[in-house]
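Please examine the sequence and the model shown here.

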Amino acid sequence: MPSGYVCLTFDFDALSVWVDRGQLSATPRSRGEFAAVAVPRLLKTLSRRGLAATWFVPGHTAHTYPDLCREIRDHGHEIALHGYAHENVATMAVDAERAVLDRSIAAITEVTGVPARGFRAPAWDLSENTVALLTERGLRYDSSMMGHDHAPYWCRTGDRVDAAGTVWGAEAPLVEVPVSWTLDDLPYLEFLSSPARTLPGLRDPGEMFANWELDLRYMLRETAQGVLTVTCHPEVIGRGHRLLRLEEWLDRIAEEDVAFSTVAEVADLFAAGVELGTPKD
Ligand SMILES: [Zn+2]
């Protein structure tokens, strides 16, 4: 058993995120198109190292780039759900959310021939119904929440949190493989501007990977079989200076006693009762 696990995840948003943002003039659309340029570069980087990753693919992307999605599958990667057109499900009524979920499940199955086993909410925001809907559709895991840094845990339904206090809901048969904004390339690197907000991004990718390496070192020192889940976006990480830093980081952390696993593999281990991310004495 390795000392820890690293889950490399890629959110292949492509054009869908610009649909969700309502920015559909030519240049934002072309920013989405760049994701398709970057995917083969990433597949090469991963194949050269024999690494399997998890790709969260909106149904919209699967329908726009079906051949590329099949190429990802043929390289041995996992493909999981990420909405249809990158909808923020947190604000959706239950019937509308179920319809989007079903549409995204159908798109991934139709394009790849492989039913998805997990889900990541666009913008990492779940509604009160999401966990129950994912369970209802037989999905195994979610990877959108931030309740731990190194340990998967069971999702809950029916939590009640307000000014009066907190009442925890019941555990659901859905594994959470948690994420974090600090383990996401987008806030570090991507420049985004809209009337609502500006995300400056454009930082030195070396700084981001140095942070991720410190998180990994801390996890390996303090926990047994912890899981570090990092998130990249092809359109963000797929540029020269960032890809070179990504390659350096992958080669450096490969020297540690870690296994690179898909999110589904980690969820299966956890569901089978393997202890992941428990503190060392
Ligand atoms: Zn996304």
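The model is predicted: local features need pLDDT of at least 70, side-chain atom pairs count only at pLDDT 80 or more, and totals for chains, interfaces and linings use all residues. Residues are numbered from 1 along each chain as its sequence is written, and side-chain values use heavy atoms, with hydrogens and water left out.

Side chains of opposite charge can pair when their charged atoms come close. A salt bridge is defined here as a side-chain nitrogen of Lys or Arg within 4 Å of a carboxyl oxygen of Asp or Glu. Across the whole structure, the search finds 17 salt bridges. One of them links Glu-190 and Arg-31, whose closest N and O atoms are 2.9 Å apart. Glu-190 belongs to the loop between α7 (185-189) and β10 (192-193), whereas Arg-31 belongs to helix α2, so this pair ties together parts that are 159 residues apart in sequence. Helices (H or I, at least four residues) and strands (E, at least two) are DSSP runs, numbered from the N terminus.

How accessible are the partners in such pairs? Three classes are used: buried means under 20% relative accessible area, exposed means over 50%, and partly exposed lies in between (1.4 Å probe, protein chains only). Glu-190 counts as buried because its relative accessibility is 12%, while Arg-31, at 29%, counts as partly exposed.

A further salt bridge joins Arg-252 to Glu-213, with the closest N and O atoms 2.6 Å apart. Arg-252 is in helix α10 (residues 240-253) and Glu-213 in helix α8 (residues 205-222), so the contact ties together parts separated by 39 residues in sequence. Arg-252 is partly exposed, with a relative accessible area of 34%, and Glu-213 is buried, with 19%. Salt bridges with shared partners also join Asp-95, Arg-98, Asp-102, Glu-136 and Arg-137 into one network.

The side chains of Asp-159 and Arg-156 likewise meet in a salt bridge, at 2.9 Å from N to O. Asp-159 is partly exposed because its relative accessibility is 25%, and Arg-156 is partly exposed at 33%.

Glu-176 is placed in strand β9 (residues 170-176). A polar atom of the Glu-176 side chain lies 3.0 Å from the backbone nitrogen of Ser-144. The side chain of Glu-176 also reaches the backbone nitrogen of Met-145, at 2.9 Å. Polar contacts are pairs of N or O atoms within 3.5 Å; within protein, one must be able to donate a hydrogen and the other to accept it, and residues adjacent in sequence count only if both atoms are side-chain atoms.

On the surface, Arg-41, Lys-44, Arg-48 and Arg-239 gather in a patch of positive charge. Patches are made of residues with over 30% relative accessible area and no salt bridge, like charges being joined within 9 Å and nonpolar side chains (Val, Leu, Ile, Met, Phe, Trp, Tyr) within 5 Å. The place of a charge is taken as NZ of Lys, CZ of Arg, CG of Asp or CD of Glu. Accessible areas come from the Shrake-Rupley method with a 1.4 Å probe, and for residues only the protein chains shown count as cover.

Ala-123 has a positive phi of about 60° although it is not a glycine. This residue is in the loop between β4 (118-119) and α6 (130-136) and counts as partly exposed at 43% relative accessibility. Trp-124, also not a glycine, has a positive phi of about 55°. Trp-124 is found in the loop between β4 and α6, and is buried with a relative accessible area of 8%.

Two pairs of residues relate sequence to space. Leu-192, in strand β10, is buried at 8% relative accessibility. Leu-192 and Leu-202 are ten residues apart in sequence and 9.8 Å apart in space, C-alpha to C-alpha. Ala-254 lies in the loop between α10 and β14 (258-260) and is partly exposed at 48%. Between Ala-254 and Tyr-188 there are 23 Å in space, C-alpha to C-alpha, and the two are 66 residues apart in sequence.

Technical notes:
Lys, Arg positive; Asp, Glu negative; His and termini not counted.
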